[in-house]
Amino acid sequence: MGSSLTRLLVFLSIFAAIALKSNSQYLLPITKHEPTNLFYTTFNVGSAAKSPVNLLLDLGTNLTWLDCRKLKSLSSLRLVTCQSSTCKSIPGNGCAGKSCLYKQPNPLGQNPVVTGRVVQDRASLYTTDGGKFLSQVSVRHFTFSCAGEKALQGLPPPVDGVLALSPGSSSFTKQVTSAFNVIPKFSLCLPSSGTGHFYIAGIHYFIPPFISSDNPIPRTLTPIKGTDSGDYLITVKSIYVGGTALKLNPDLLTGGAKLSTVVHYTVLQTDIYNALAQSFTLKAKAMGIAKVPSVAPFKHCFDSRTAGKNLTAGPNVPVIEIGLPGRIGEVKWGFYGANTVVKVKETVMCLAFIDGGKTPKDLMVIGTHQLQDHMLEFDFSGTVLAFSESLLLHNTSCSTWPSQK
């Protein structure tokens, strides 16, 4: 009787621990590097008490890489051997003697390919209640690669490497969710300025005025595709400007739109861009917004003095919407002035989209100027993207934080 009760109590305690662990969520800051409009996060790597590294957020990188000379201590750094299960689990791995190597594209650097020795060390991040940093926890065997100095050429000075956020099994987020046995998802809230939110296994997102589970940030779901190829693609059914659908060749929409955290302004195939720009210009003219000469790299620019100010979401310009498949019919993802135009001179604003040419690799790449101040949740359990409307519409932003008291 006593032993049975003891086993039951042990089982219940283990079950409770697992349940508690599976409901944990983690939080890291996102910083916008203003000169380059790139986004990076910061966390500790290594055994030193304070060993922060700044890593560029990239949805297309499969294995995190960094300049390991930036680490405060190398005492806990361990090489991954070529014959190890860890090395073999990394798609596209290679060997140099007994060392595991990994070669992958460089998202921004002057050198197109990054080759590094695969290593493991401790990575530390914070648990959260959804709004505050709580206790620090560690992934004891965080796998990444040590890249050479040349790999950093072309990256902004604060950045020490690139954080892998791809759908691949070796990405940072997959390693964290696997290590802690938590919900396989992550969320980004890219700030237009200041410090944004990077959640892993997020359950609650407390960004004032959304500061309780009873008042969550409203989000809309759409399927993600392309994860097998290492990308995050969403199916585009239509594009609207000022409520009017663009007349496009359906073949131009078959590839969907790729999401990127390293491309700043959305890039569109020429025919898509021309249709969007023409409709936007006509709608803007009807609103009394005057066109002015273009300012590179933008083709369509306007006199900002002739556009009314939308007090919540930037200049009062035609709204651009993307029609996406939802659970029941089409859903729309709307972009307002703060995400559709950019100020380039004191009195000049331009349509913040780029003509990508007639035959680009990707027909549509949605960049960070459009994504910032939207909450984006990448959920692998259902292969869906949950996106919010612009938080600016709620008089808040991705850089708004609850009181840390």
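Two strands pair if DSSP finds at least two bridges between them. Strands (E, at least two residues) and helices (H or I, at least four) are DSSP runs, numbered from the N terminus. This is a predicted model: local features need pLDDT of at least 70, side-chain atom pairs count only at pLDDT 80 or more, and totals for chains, interfaces and linings use all residues. Residues are numbered from 1 along each chain as its sequence is written, and side-chain values use heavy atoms, with hydrogens and water left out.

**View 1. Strand β29 and its partners.** β29 (residues 375–379) pairs with β11 (residues 185–189) in the antiparallel sense over five bridges. Phe378 is the bridge partner of Phe186. β29 also pairs with β30 (residues 384–387), antiparallel, over four bridges. There, Leu376 stands opposite Phe387. β29 and β30 form a hairpin with four residues between them, and Thr383 in the turn has a positive phi of about 50°. Both faces of β29 are covered: Met375, Glu377 and Asp379 lie on one side, Leu376 and Phe378 on the other, all buried (under 20% relative accessible area; exposed is over 50%, partly exposed in between; 1.4 Å probe, protein chains only).

View 2. Beyond four places in sequence, Phe378 touches residues including Leu59, Pro184, Ile224, Tyr232 and Leu259 (contact: heavy atoms within 4.5 Å).

View 3. α4 has 17 residues and reaches 24 Å from its first C-alpha to its last, close to the 24 Å expected (1.5 Å times one less than its number of residues). Gln269 caps the N-terminal end: a side-chain oxygen lies 2.7 Å from the backbone nitrogen of Asp271. Buried residues of α4 include Ile272, Tyr273, Leu276 and Phe280. Gly288 follows α4, with a positive phi near 85°.

**View 4. Gln25 in its loop.** Gln25 lies between α1 (2–22) and β1 (26–33). Gln25 is buried, with a relative accessible area of 5%. Its side chain reaches the backbone nitrogen of His204 at 3.2 Å. Other contacts of Gln25 include Tyr126, Asp129 and Ile200.

View 5. pLDDT, the predictor's confidence in each residue from 0 to 100, stays under 50 over residues 1–21. Where pLDDT is low, the predicted coordinates should not be read in detail. The chain mean is 90.

Conventions:
Polar contact = N/O pair within 3.5 Å; in protein donor to acceptor, adjacent residues only side chain to side chain.
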